[in-house]
Amino acid sequence: MALTSVSELQTLIREHIARAPRLPETEHLPVAQSIGRVLAADMVSALNIPATDISAMDGYALPAGAAAGSRWRVVGESAAGKPFFSSLPEDGCIRIMTGAVVPAGCACVVLQEHTETDGDAILLTQEVATGANIRYGGEEVAAGDTVLSAGRILRPADVMLLAALGIGQVPVYRKIQVAVLSTGDELHEPGTPVTDCGQVYDSNRHTLMARLATMPVEILDLGQAADDLEGVLHTLDEAARLADVVITSGGVSVGEYDYMREAVDRLGAIHHYKVAIKPGKPFVFGQMLRTWYFGLPGNPVSGYVGFDLFLKAALWQLCGAQEIPQPLRMQANLTQAVKKSPGRMDIQRAVLTPTADGTWEAAPAGEQDSHRVWGVSRANGYIVLPAESGNLPAGSTVTVQPFTEAFL
Ligand code: AMP
Ligand code: MG
C-alpha cells in the first residue's frame with residue numbers, strides 16, 4: 001500500500017477535527033492584547049469611518065472649486081477636534097487642518113502650499129477642484145459593515161481597525177490546553193549535567209514549548225516519560241483528562257521500546273501512522289476520548305518538520321481559526337545538486353539568499369540527517385521537494401518555504 005502523502009495527511013487531520021467541532025469558550029481582552037488570538041465573534045461597525053467629512057490636508061476650505069488667482073477672506077478656523085460652527089460668507093474661506101471637520105457649506109480644501117496670504121485673505125496660486133482633499137464620512141467603513149469575521153487570527157492592523165471603530169475589548173477564544181511529553185530512557189533535562197555518555201538532552205520538549213508559546217495555547221509541561229508501557233499509559237491517561245491536545249515525541253517507531261502507539265490505541269484510537277515525508281515518516285495522529293493526540297518521532301529535525309507541516313494548522317483549527325495561515329512558498333534556484341530518491345516528499349533545511357536580480361538562491365544547510373539540530377538553526381527555510389522528484393542538478397528551480405521568523 002502506498003504511504004499516505006503529505007497533503008492526504010493534512011486533509012485527514014483537518015477533516016477529523018472538523019467532524020468534532022468544539023470551539024473554545026470565549027473571553028474579552030483589551031484590544032492591544034488581542035494580537036495572535038482568534039476572534040470569537042463577527043465585528044460589526046457601529047459607526048462610519050470617517051465619522052463625517054474631514055480634511056485630508058492643512059489648507060483652506062472653500063465653498064466650491066476655484067480658479068488660480070481667486071481671493072478668499074479667511075473668516076474662521078477648523079482644527080482637529082475643534083470644528084468651525086458659524087456660517088460662511090460668500091467670499092469667505094476657513095483655515096483648516098488635517099483631520100478637522102469640513103465646515104457646512106464647504107466643498108473642497110485647497111492646500112496651504114497652493115496659496116499666498118494677502119492680509120486677512122488668501123490668493124490661490126493653483127486651481128482647486130470641487131471635492132479636492134476631503135475624506136467623506138463613511139467612505140471606508142459604513143455603520144453596519146462586518147469588518148472582521150469570527151475565526152480571524154488577529155494581526156496588528158486589525159488592532160488599528162478595531163480601535164479606530166471604538167472597540168476597546170475584543171471577544172476572543174480562550175487558549176486551548178496543550179500537553180507536551182518527551183519519551184525515552186536516554187533523555188536528560190537541559191541545565192543539569194549528564195552522568196553517562198548514553199544520555200541525550202531533551203531538546204524536543206523545549207523546542208515544542210517554545211514554538212507553542214507563539215500560539216494561543218496554555219502549555220502543560222508533562223516532562224519526560226521512560227520507555228515503559230505502564231508508565232506511559234498512566235501519563236497519557238492523565239494528560240487526556242486535562243488537555244485538549246497531547247503532543248509527544250519519541251517512541252513511535254518500530255523499535256523494541258516504542259510504546260506510544262500501543263498506549264494511545266489502548267486509551268483511544270490511532271487515526272493515522274506513516275506519511276510519505278522525509279524526515280519524519282512516523283507521524284501518529286489519534287485521539288484519546290475528546291483529546292487529540294499527535295506523536296512526533298524522536299529525532300529532533302523530524303519533529304521540527306512535522307510541527308510545521310501538520311501540527312501548526314491543526315492547532316490553529318482547534319483554536320477556532322477559520323482561515324488557517326498557509327506557509328509562504330516561492331521559487332528559488334539550487335546553488336548545488338541535491339540527492340533525492342522518488343517516493344517521499346523531502347523537506348531539506350536550507351539557506352535562502354536573495355540575488356541582485358530579484359530571484360532567490362537555495363543552498364542545503366549541510367547534511368540532511370534528522371538528528372542534525374545545528375543544520376535547522378543555520379537554515380532560514382526549507383527546500384520542499386515533491387514526492388516524485390529525483391536527484392536535481394545545480395541550477396534547478398525548486399519550491400522553498402522561508403522561516404518567516406528569519407525574515408523580519
Ligand atoms: P525514537 O523516536 O524514540 O526512536 O528516538 C529517535 C532518536 O531521537 C533517538 O536518537 C533519540 O535519542 C532521539 N530523541 C528522542 N527523544 C528526544 C528528545 N526529546 N530530544 C532529543 N532527542 C530525542
Ligand atoms: Mg525512544
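Predicted model: local features only at pLDDT ≥ 70, side-chain atom pairs only at ≥ 80, totals over all residues.
The chain is divided into four parts: domain 1 (6–24 + 175–319), domain 2 (30–49 + 139–173), domain 3 (54–135) and domain 4 (330–406). Between the C-alpha centres of domain 2 and domain 4 the separation is 38 Å.

The largest pocket has a volume of about 1200 Å³. Its lining comprises 32 residues, and those nearest the centre of the pocket are Asp-308, Lys-312, Pro-325, Gln-326 and Pro-327. Two or more lining residues come from each of helix H1 (6–19), helix H6 (300–318) and strand E26 (397–402). Helix H6 provides the largest share, with 10 residues. Sorted by class, the lining contains 19 nonpolar, seven polar and six charged residues. Because domain 1 and domain 4 both give residues to this lining, the largest pocket lies between them.

Two cis peptide bonds were examined. One joins Lys-278 and Pro-279, with omega about 0 degrees; Pro-279 is placed in the loop between strand E19 (277–278) and strand E20 (282–288). The other runs from Ile-49 to Pro-50, with omega near -10 degrees, and Pro-50 belongs to the loop between strand E2 (43–44) and strand E3 (54–55).

Pro-279 is also among the contacts of Ser-370, a residue in the loop between strand E24 (360–364) and helix H7 (373–378). When neighbours within four places in sequence are left aside, Ser-370 is in contact with Pro-279, Asn-299, Pro-300, Val-301 and Ser-302. With Asn-299 there is a polar contact between the two side chains, at 3.4 Å.

Positive phi values were found in residues other than glycine. In Leu-289 phi is near 55 degrees. Leu-289 sits in the loop between E20 and strand E21 (291–296), and its relative accessibility is 69%, so Leu-289 counts as exposed. In Asn-133 phi is near 60 degrees. This asparagine, Asn-133, lies in the loop between strand E9 (121–124) and strand E10 (134–135); with a relative accessibility of 26%, Asn-133 counts as partly exposed.

A further loop residue, Glu-388, is located between strand E25 (381–385) and E26. Glu-388 has a relative accessibility of 61% and therefore counts as exposed. Its C-alpha atom is separated by 9.5 Å from that of Lys-340, although Glu-388 and Lys-340 are 48 residues apart along the chain.

Note on methods: Residues numbered from 1 in each chain as written. Chains lettered and ligands numbered in written order. Heavy atoms only, no water. 1 Å grid on protein atoms, 1.4 Å probe; cavity = no way out; pocket = protein on both sides within 12 Å on 5 of 7 lines; lining within 4 Å. Points joined across faces, edges and corners; volume = space filled by probe spheres on them. Helix = DSSP H or I, 4+ residues; strand = E, 2+ residues; numbered from the N terminus. Nonpolar A, V, L, I, M, F, W, Y, C, P; charged D, E, K, R; others polar. Domains from an automatic or database assignment. Polar contact = N/O pair within 3.5 Å; in protein donor to acceptor, adjacent residues only side chain to side chain. Contact = heavy atoms within 4.5 Å. Buried < 20%, exposed > 50% of the residue type's maximum accessible area, 1.4 Å probe, protein only.
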